[in-house]
Amino acid sequence: MFFNLSHLIFRAKQGGVALLHGAVQFIQDIPWIFYIPEKMQMPIGNFIKWFNALFNGFFKKKKTFSLGLYGNPNVGKTSIANRISLDWTGTEVGVVSEIPHETRTVQKKERISLRVDGREITMNLLDMPGIATKVDYRDFLKYGLSQAESQQRAKEATKGIVEAIKWLDNVDVALVVMDATQDPYTQVNITILGNLEARSIPIIIVANKIDLKKAKPEKIREAFPQHEVVEISALTGENIEKLYKTIAYNT
Amino acid sequence: MAIQIELIPSTVFSGKEQDEKVRFILNMVRRDKILVLEATLSPVEEKLLIEKTMDHVTKDFPGIEIASFGEEAVDLKSKLVRFLGGRMSGFTVVGPSNLVKEVKRDPDKLSLWAAHK
C-alpha cells in the first residue's frame, strides 16, 4: 500500500492540535472539576499559540492574514493604511485629519494582495483607532469643534480605544506605528508591545514621519532594540517598499 | 488645594486577581489620588486598566496618566517569568490626567508633573 508521508504528518498535526484544543476546551467547560486560575489562563493560551505556530510553520501556509495598525493617536496609522491600500487596490481606507481620534472605529480593507520579490501574500488590513490613556473633550475645542461636537467625539473615541484593545488578541501581524518626531517611550507603546509579545504576535515597528526635520528614528531603535524598525514617510512614500518587504518576510 | 499621593506596598496586591487590582487602582485614582505602586503591572493588567478607564471617562475624569519602571525581560529567566504570567520588580505611578500633567520616563528615573488645572 502506498503511504503519502506529508499527508500522514498533516493528519497527525491536525489530530494533535484538535486533541490539545479539545482537552483545554473540556477543562474550561467543566470549571467545577478543573478550575484554571486566572493567572494560568494566559500561559495556557500562550502554549496553544506556540503549539499552533510551531506546526503551522512546519506544515501549513496560512492563505490570508490580518495586519493591524496600532499606536498612539496622530502617529499616521491611517496615512500608512491609505498608502498601502492605494498602492495595491487603488482605493483608500479612511480619512486623515490633524484632529486626534479621527479614526474611532476599526477600518477594514479585506483581501489586499501584495507581490514582493516573487512572493504573493494576501491580507486583511485593519486600521485601528489610536490608543490613549485619556480622552479630554477640551482638547478638541482647540481645533474649532463646538462643545457638543467635542463631547461626542470624545465619547466615540473612548469606545474606539476599547475596540482597538479588544482586537489586540486577534491580529496575525501588527504594525506598531510611532511618530519619529516624538518620544517613543510612552506607556501606550509599551502596553501595546507587551501584549503583542505575550501573545507571540509578530511585530514590525514603523517609525513614521521621517520626512520631518525633527524626526529622530534612531530613538525608536534605541528604545525597542528587540524589534525590527522600518523608517518611512507615509506622506512622501519614502522607504515604503522596504515596509512591504518586511511585511512579506514576516508572514 | 493639596494633592494627595499614596504609596501602596506590593502586599496590598498579593493574591488579588487582575480585575480586583484594576478596580482598586481606578477607585483611588477617580478620587483624585496619585498612586505610587510597589509593583509593575503585567501587559494584560495595563490593557485592562486602559479599557476600564475608558468606560469611566467623563467631563470631570478624562482618564489617567501612567508609567511603570521595572526590570526589562532581557535574559532567558526573565522572559520565562514573563511568559508564565509573572512580573519583575519595579514600581508604577498612576494618577488622574486632570491632576497629572505628564509622566516622563528616562533610562534611570520617572519624573511626574502634577498640578490642579
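Among contacts in chain A between residues at least 6 apart in sequence, 70% join residues at least 24 apart. Bear in mind that this is a predicted model. Chain A has 251 residues, and 33% of them count as buried. Its secondary structure comes to eight helices and six strands. Read from the N terminus, the order of elements in chain A is α-α-β-α-β-β-α-α-β-α-β-α-β-α.

Now the contact between the chains. Chain A contributes 22 residues and chain B contributes 23 residues. Which helices of chain A each supply at least two residues of the side that touches chain B? They are α2 (38-59), α5 (147-167) and α6 (187-198). By type, that side of chain A is made up of eleven nonpolar, seven polar and four charged residues.

On to chain B. Here there is an open sheet of four strands, in the order β1-β2-β4-β3, and the pairing is mixed. At the edges are β1 (4-8) and β3 (64-70) of chain B, each of which pairs on one side only. From one strand to the next, the twist averages 15°. Helix α1 of chain B, residues 18-29, packs on this sheet and touches β1, β2 (33-37), β3 and β4 of chain B. The direction of that helix makes about 145° with that of β2(B).

One strand pair in detail, to finish. β3(B) and β4(B), the latter covering residues 90-96, run antiparallel and are joined by seven bridges. What is the bridge partner of S68(B) in β4(B)? That partner is T92(B).

Conventions. Residues are numbered from 1 along each chain as its sequence is written. Chains are lettered from A and ligands numbered from 1 in the order in which they are written. This is a predicted model: local features need pLDDT of at least 70, side-chain atom pairs count only at pLDDT 80 or more; totals for chains, interfaces and linings use all residues. Two residues are in contact if their C-beta atoms, placed from the backbone, lie within 7 Å. Ala, Val, Leu, Ile, Met, Phe, Trp, Tyr, Cys and Pro count as nonpolar, Asp, Glu, Lys and Arg as charged, and the others, Gly among them, as polar. Two strands pair if DSSP finds at least two bridges between them. Axes are lines fitted to C-alpha atoms, for helices over the stretch in contact, and angles run from 0 to 180 degrees between N-to-C directions. A residue is buried if 20 or more other C-beta atoms lie within 10 Å of its own, exposed if 12 or fewer, and partly exposed in between; C-beta atoms are placed from the backbone.
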